[in-house]
Amino acid sequence: MSSKVDNASLNDNLILLQAGNESAFDRVYEMTNKSVYMLVLSILKDSYKAEDIMQDTYVKIRKNIGQYQPNTNSLAWILTIAKSLAINEYNRAKRDLPTDFTEATMQKPYIDNSFDRIANRQILEEAFKVLSERERGIVFLHAVKGMKHKDIAKVYDISLSNTLWIYHNSMKKLKKVLEGELNE
């Protein structure tokens with residue numbers, strides 16, 4: 001089973017959804033939910049919040065399906081919505097100061113390990129430690145989801161050359177971290 005999304009099929013289902021075909025929504029969800037979840041998780045680093053934002057993403061897709069432009073990069077359109085909602089949540093959470101300073105609330109956020117089959121858990125954890133939010137997202141979308149750099153550039157609204165530069169430097173960071181651990 002490939003983790004790559006068939007953009008033509010996704011486009012067709014989004015067009016069907018625009019026309020009111022409700023079963024097309026289920027197919028859109030099935031084709032994109034892992035990509036949406038992993039992108040949101042790479043930004044929020046909290047599986048519970050990621051699940052909430054993932055649901056919000058699909059609500060927003062249904063609500064704004066009329067704005068979808070057929071025969072464009074449908075996955076990039078969906079991931080742009082998810083990224084925007086995740087960043088808004090991240091910024092909102094940064095502004096909120098915790099009022100409960102008990103030990104339980106000060107622990108690291110729980111990271112859902114059910115996606116171990118997609119990426120080695122150690123590599124994912126190291127990526128969270130050494131890469132910025134944008135770097136994690138770009139590496140995930142290209143290395144794990146197989147997205148092209150030009151499509152990733154559209155998701156992040158940056159130039160192709162900037163996307164390539166960020167990806168290249170992120171991979172160098174990961175290589176240094178992993179080689180350091182292997183040599184210890």
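Colleague: Where is asparagine 71 found, and what makes it count as exposed?
Modeller: Asparagine 71 is found in the loop between helix 3 and helix 4. Exposed means over 50% relative accessible area, buried under 20%, and partly exposed in between, with a 1.4 Å probe and protein chains only. The relative accessibility of asparagine 71 is 65%, and therefore asparagine 71 counts as exposed. Its phi is near 65 degrees, a positive value in a residue other than glycine.

Colleague: On what basis do these values rest, and how are residues numbered?
Modeller: Residues are numbered from 1 along each chain as its sequence is written, and side-chain values use heavy atoms, without hydrogens and water. This is a predicted model, in which local features need pLDDT of at least 70 and side-chain atom pairs count only at pLDDT 80 or more, while totals for chains, interfaces and linings use all residues.

Colleague: Why is lysine 45 called partly exposed?
Modeller: Lysine 45 has 28% relative accessibility, so it counts as partly exposed. It lies in the loop between helix 2 and helix 3 (47-63). The phi of lysine 45 is positive too, near 55 degrees, in a residue other than glycine.

Colleague: What makes serine 35 buried?
Modeller: Its relative accessible area is 2%, and so serine 35 is buried. Serine 35 is found in helix 2 (residues 22-44). Contact means heavy atoms within 4.5 Å. Not counting residues up to four places away in sequence, serine 35 touches Val5, Leu75, Leu79, Phe140 and Lys145.

Colleague: Why does serine 74 count as buried?
Modeller: Its relative accessibility is 0%, and therefore serine 74 counts as buried. This serine has its place in helix 4. Leaving aside neighbours within four places in sequence, serine 74 is in contact with Asn7, Leu10, Asn11, Leu14 and Tyr68. Between serine 74 and valine 5 there are 69 residues in sequence and 9.7 Å in space, C-alpha to C-alpha.

Colleague: How do you know how many helices and strands the chain has?
Modeller: Helices (H or I, at least four residues) and strands (E, at least two) are DSSP runs, numbered from the N terminus. On that count the chain has 8 helices and 0 strands. Of its 184 residues, 40% count as buried.

Colleague: What span does helix 6 reach, and what is expected of it?
Modeller: The expected span of a helix is 1.5 Å times one less than its number of residues. Helix 6 (residues 133-144) has 12 residues and reaches 16 Å from its first C-alpha to its last, close to the expected 16 Å. Its buried residues are Glu135, Arg136, Gly137, Ile138, Val139, Phe140 and Leu141. Glycine 146 follows helix 6, with a positive phi near 75 degrees.

Colleague: At what angle do helix 4 and helix 7 pack, and which residues make the contact?
Modeller: Axes are lines fitted to C-alpha atoms, for helices over the stretch in contact, and angles run from 0 to 180 degrees between N-to-C directions. Helix 4 (residues 74-95) and helix 7 (residues 149-156) pack at about 40 degrees, with axes 8 Å apart. Ala76, Leu79, Thr80 and Lys83 of helix 4 make the contact with Asp151, Lys154, Val155 and Tyr156 of helix 7.
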